[in-house]
Amino acid sequence: MVGIMGYWDRFSARPGDAPELKVSVEDGSETFRIEIVRLICGDDGPESPGFKTRSVTAEVNGVYPGRRQAIAAGSYVHVPSLSAIRGEAITVAALVMPTWLGKQTTQCVVSRQHRSSKGMALVTDSAGRGGLWLHDGTQETLVTCNAAMAAGAWYLLVASFDASKSRIRILQRPIGGGHRIESDAVEDRSLDFPMPSLPAGPATIAARRNPGAGITAHFDGRIEAPAMFHGALDVDQLARVRHPFDIDLPAIAGWDFSRHIGSVDVADVSGNNAHGRCVNLPTRAVTGHAWNGQTTDWRMRPDLYGAIHFHSDDLEDCGWTTAATWRLPAEINSGIYAARLTSDRGTEDIVPLFVLPPSGRSGAALAFLASTFTYLAYANSHHGYEDPLSEPAYGTLLVLDRTDLFLRERRDLGVSLYDRHRDGSGSCYSSAKRPILNMRPKRRIWNFNADLHIIDWLEESGIDYDVITDDVLHEEGVGLLTPYRCILTGSHPEYYTGRMLDALQEWLSGGGRLVYLGGNGFYWRVATHEAHPGVIEVRRGEAGTRCFEMPAGERHNQFDGEFGGLWRSNGRPPQELVGVGFVAEGFDSCHWYERTEASFDPRADFIFEGVPRDGRLGDFGVLGGAAGLELDAADPALGTPAHALVLARSTGHSNVYLVTVEEMVSTHPSVDGLDNPLVRAELVFFETPSGGAVFATGSIAWAASLSHQQYANDVARITGNVIRRFLDPAPFTLPKKSPGNL
């Protein structure tokens, strides 16, 4: 359904950089065309300003040979070299917790393989039974125990094969589990099969390297303490095993996942230096078989976090070859650009690239801060049609477009931070190193495509601006903001790191002026890692509006060890930064604001210049109104400054709009827009002590009203009034007699 798709090797670039474009042609075309454009408006709907681009002369423009590029999804551990296996006996063991036995395929726990097809692997078979797979180069065999495992339960799995005695023994022992009634499953029988002789070579954990077919047989679930040994166990020795590392045989390797949890490194503790590395970001900092609430922070007791959770749909990097490289000219203006890809058969993809000004310089006094971490959090989201609560939340039947249908079939493109993996566990990593098909123009009015409404209005208004991004803000901190007098956010800056919040707070403390043109911003805590450029981590906990939550004990990030979840739960609610915070959401309709008495305070005169004193504000727009989707309101208990002015409040919301869960101490029936006054967006303004100021709209839908009536409307007028005053170098002063209306 999607005939061509691509991605840049980075979200953000500066003049002189040379971002690389990766392209896969899916429709069989022999060639494709690249055209660089500057994106102005991405909304091509019937009520929109229309899809707008500006052609760019670039040396990378032209025709290129097309090819379909494969994606090797699925996480595992790669061990580059394991010592030779030439004996007549082998023992392999691990603690395992399978989580997706319903896929009815063999899944590999530990594998030792050779390019000749010879190999061995500790596995679970298609029925969920633990066993040993052997291949001598010409034939293969699989021996399993006689009982299936239960998904989500821990087992000790041991396979011991003595070819010289034609004997194989397999133990599948349930571990813990309270009232489980399972008993040991044991297979002890003769096996007339040669022991594969394997020279030193690679091994894999949670998958098998299949000659000619790449990495296959991915394991979905948790693995702890996998180990391999020379020699075999007799009946009594097997019965006494309680942990793989207790096996008293000469070790080939023993991998302790409780070491190096914050990295991709996997340590072999056998003394044989068979160390490995995680591929495609399996989930670490997860509880192992012995965790029972002793701590919730993996840094305190890493021994209790000795498991890794692997998924067959994990993906960090597509690893595609580069189709073209665009060296950005020194004179290029900052903005949102894109590679427009067109196949011979007319299929299209438009791949955005954010071009910043040269480091330490600015081309304008105003910068638009693109919410690249939020775009990444929603990347290739499936939750709209996989979450049974989506249609009730929207108050209507969902309509899937061709991209939704394509992503539904192409799980190899990875999941978003809103999705569950195929085994039902929540996703906590998202990577930019893949095509992100919902981060495109001509898509739903959400996130990136919604933010292009702001770019379109800036262009139509003739306001000079630069584009800066979340990812660069995290890297460079306040230095990125310093050249600007005014910063403009997008419609939904939801995902933030601590460094980003620190940078904005420091910049505001120095007199900066922030215009928050969205809703549900500064909400989830994000972690990054220098070894994983382009990847973010989010651990959802017991608070916040969420599609799932991480299991108990797993709410500290792997990347930095900090407690994840809401910034509000971490003591930094958004009200402290921008005066408002997330209070309600609904997706059936958008509504309007009504002015408060505070809007007539002389401090706010500049905001409402040219705006009628009476009547509704924003009862129009592409979405039907300026107040909708996700709503923010002031709350002095959470940090809204006492002198802040609440200038307007939205009204008219339906029973599909519901108060966020973090606003409810206990459940009660009055939680919707018909009964609960907390369901509202609030327009807020306040000055800062250093001559700066903040203006917040409290609504995701605000930007979609800017273009109404050829940009001549109250929403556009208010926005323009605010930006013009915020760009004026004259300092704001704190009020003396008008403390606000909170």
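**Salt bridges across the chain**

A search of the whole structure finds 42 salt bridges, a salt bridge being a side-chain nitrogen of Lys or Arg within 4 Å of a carboxyl oxygen of Asp or Glu. The model is predicted, so local features need pLDDT of at least 70 and side-chain atom pairs pLDDT 80 or more, while totals for chains, interfaces and linings use all residues. Residues are numbered from 1 along each chain as its sequence is written, and side-chain values use heavy atoms, without hydrogens or water.

Start with Glu 459 and Arg 38, which form a salt bridge whose closest N and O atoms are 3.9 Å apart. Glu 459 belongs to helix α6 (residues 448-461) and Arg 38 to strand β4 (residues 31-41), so this pair ties together parts that are 421 residues apart in sequence. Helices (H or I, at least four residues) and strands (E, at least two) are DSSP runs numbered from the N terminus. With a relative accessible area of 25%, Glu 459 is partly exposed, whereas Arg 38, at 9%, is buried. Here buried means under 20% relative accessible area, exposed over 50%, and partly exposed in between, with a 1.4 Å probe and protein chains only.

Asp 456 forms a salt bridge with Lys 52, and 2.8 Å separates the closest N and O atoms. This pair also links distant parts of the chain, with Asp 456 in helix α6 and Lys 52 in strand β5 (residues 52-55), 404 residues apart. Both Asp 456 and Lys 52 are buried.

Another pair joins two strands. Asp 188 forms a salt bridge with Arg 169, and their closest N and O atoms lie 3.3 Å apart. Asp 188 is in strand β15 (residues 185-190) and Arg 169 in strand β14 (residues 167-174), so the parts tied together here are 19 residues apart in sequence. Asp 188 counts as partly exposed, because its relative accessibility is 32%. Arg 169 is buried, with a relative accessible area of 17%. Beyond these pairs, salt bridges that share partners join Glu 26, Arg 68, Arg 410 and Asp 412 into one network.

To return to where they sit: helix α6 holds Glu 459, the partner of Arg 38 in strand β4, and also Asp 456, whose partner Lys 52 is in strand β5. The pair of Asp 188 and Arg 169 belongs to strands β15 and β14.
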